[in-house]
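Subject: Structure for you to look at

Hello,

Here is the structure I said I would send. Please open it beside this message and read the two together.

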Amino acid sequence: KETPDPAQIAVESPVYREELGLWEHQKYFVDMAFRSHQKPYGARFVLADQVGLGKTIQLALSAQLMALWGDKPVLIIVPKTLVWQWQDEMKNLLDMPSAVYDGREWIDENGIKYPPSDDIRRCPRRVGIISQGIIVNGREEYLDQLLSVQYECVIVDEAHRARRRNLGNDKEHLKPEPNHLYDFLLKISFRTRSMLLATATPVQ
């Protein structure tokens, strides 16, 4: 299989065509993540850039390269308030198709709604974007369905929301009690070749 050239993909995308460019730190991360993805154990990174340094485009471009290199889907897990922002940025900056699950139906990058289904795995695109709320408050069958799939990459934005419950003074010696999101990410980490976590908030 011919390996996609990250530089060529970037040049062909609207990021370059519209003279938006990529900063050097963005190029460095995308190249590092994609090269790691091709290794036996894939990429496992926490991207902790400050707000405004372009974490979304770094993660999206990395996911695009991984999807082109492999044949499995990409799952993006973000807070509910960010699902449409993610889809818009991928479409406008990378010409990257994706679909958002709104809790009832999938909606692609062109605004086309697909028939409602109780099977969240019926994503019409290789890249699916879901709200963290589906995991935290979702039905058990949704979690089982998501955990039954093998992924090329799982991306989690605002990943600091995955944390232990038993935080506080004099509790650091206790065994961590993961919250729902943390527990889900531990499980899905075994179902994906690569996993990229992003946060601008200090790790707790």
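Below is what was found in it, starting with the whole chain and moving to single residues.

This is a predicted model, in which local features need pLDDT of at least 70 and side-chain atom pairs count only at pLDDT 80 or more, while totals for chains, interfaces and linings use all residues. Residues are numbered from 1 along each chain as its sequence is written, and side-chain values use heavy atoms, with hydrogens and water left out.

The whole chain

The chain has 8 helices and 7 strands. Both are DSSP runs numbered from the N terminus: helices are H or I with at least four residues, strands are E with at least two. Of the 204 residues in the chain, 48% are buried. Buried means under 20% relative accessible area, exposed means over 50%, and partly exposed is in between (1.4 Å probe, protein chains only). The accessible surface of the chain is about 11000 Å², and 52% of that belongs to carbon and sulfur atoms. These areas come from the Shrake-Rupley method with a 1.4 Å probe, and for residues only the protein chains shown count as cover. Among contacts with a separation of 6 or more, 70% are between residues 24 or more positions apart; contact means heavy atoms within 4.5 Å.

The cores

In soluble globular proteins, nonpolar side chains tend to be buried together. A nonpolar core here is a set of buried Ala, Val, Leu, Ile, Met, Phe, Trp, Tyr and Cys residues joined through side-chain atoms within 4.5 Å. The largest one has 33 residues, and those with the most contacts inside it include Leu59, Trp86 and Leu196. Among the elements that each supply at least two residues of this core are helix H3 (24–37), helix H4 (55–69) and strand E7 (192–198). H4 gives the largest share, 9 residues. Another core, of 23 residues, lies apart from it and has Tyr101, Tyr142, Ala159 and Ile188 among its members.

Which residues does Leu196 touch, leaving aside neighbours within four places in sequence? Phe29, Phe45, Leu59 and Cys153 are among them.

E7 is mostly covered, with 5 of its 7 residues buried. Two strands pair if DSSP finds at least two bridges between them. E7 pairs in the parallel sense with E1 over 4 bridges, and Leu47 has Ala198 in E7 as its bridge partner. E6 and E7 also pair in the parallel sense, over 5 bridges, with Cys153 opposite Ser194 in E7. Together, E6, helix H8 (residues 180–188) and E7 make a right-handed β-α-β unit. Right-handed means that, with the strands pointing away from the viewer, the path from the first strand over the helix to the second runs clockwise.

E5 has 5 of its 5 residues buried. In a regular strand the side chains alternate between the two faces of the sheet. In E5 both faces are covered: Val127, Ile129 and Ser131 are buried on one side, and Gly128 and Ile130 on the other. E5 runs parallel to E2, joined by 5 bridges, and Ile77 has Ile130 as its bridge partner. E3 and E5 also run parallel, with 2 bridges; Ala99 stands opposite Gly128.

Aromatic pairs

Rings of Phe, Tyr and Trp (its six-membered ring) pair if their centres lie within 6.5 Å; planes under 30 degrees apart count as stacked, over 60 as edge-to-face and the rest as tilted. The count comes to 3 aromatic pairs. Phe29 and Phe45 have ring centres 6.2 Å apart and planes at 70°, so this pair is edge-to-face. Phe29 is buried at 5% relative accessibility, whereas Phe45 is partly exposed at 22%. Tyr101 and Tyr142 are also edge-to-face, at 5.8 Å centre to centre and 85° between the planes. Tyr101 is in strand E3 (residues 99–101) and Tyr142 in helix H7 (residues 140–146), so the pair ties together parts that are 41 residues apart in sequence. Ring pairs link Tyr101, Trp106 and Tyr142 into a cluster.

Asp71 is in the loop between H4 and E2. Is Asp71 buried or exposed? At 60% relative accessibility, Asp71 counts as exposed. Not counting residues up to four places away in sequence, Asp71 touches Arg126 and Glu152.

Regards
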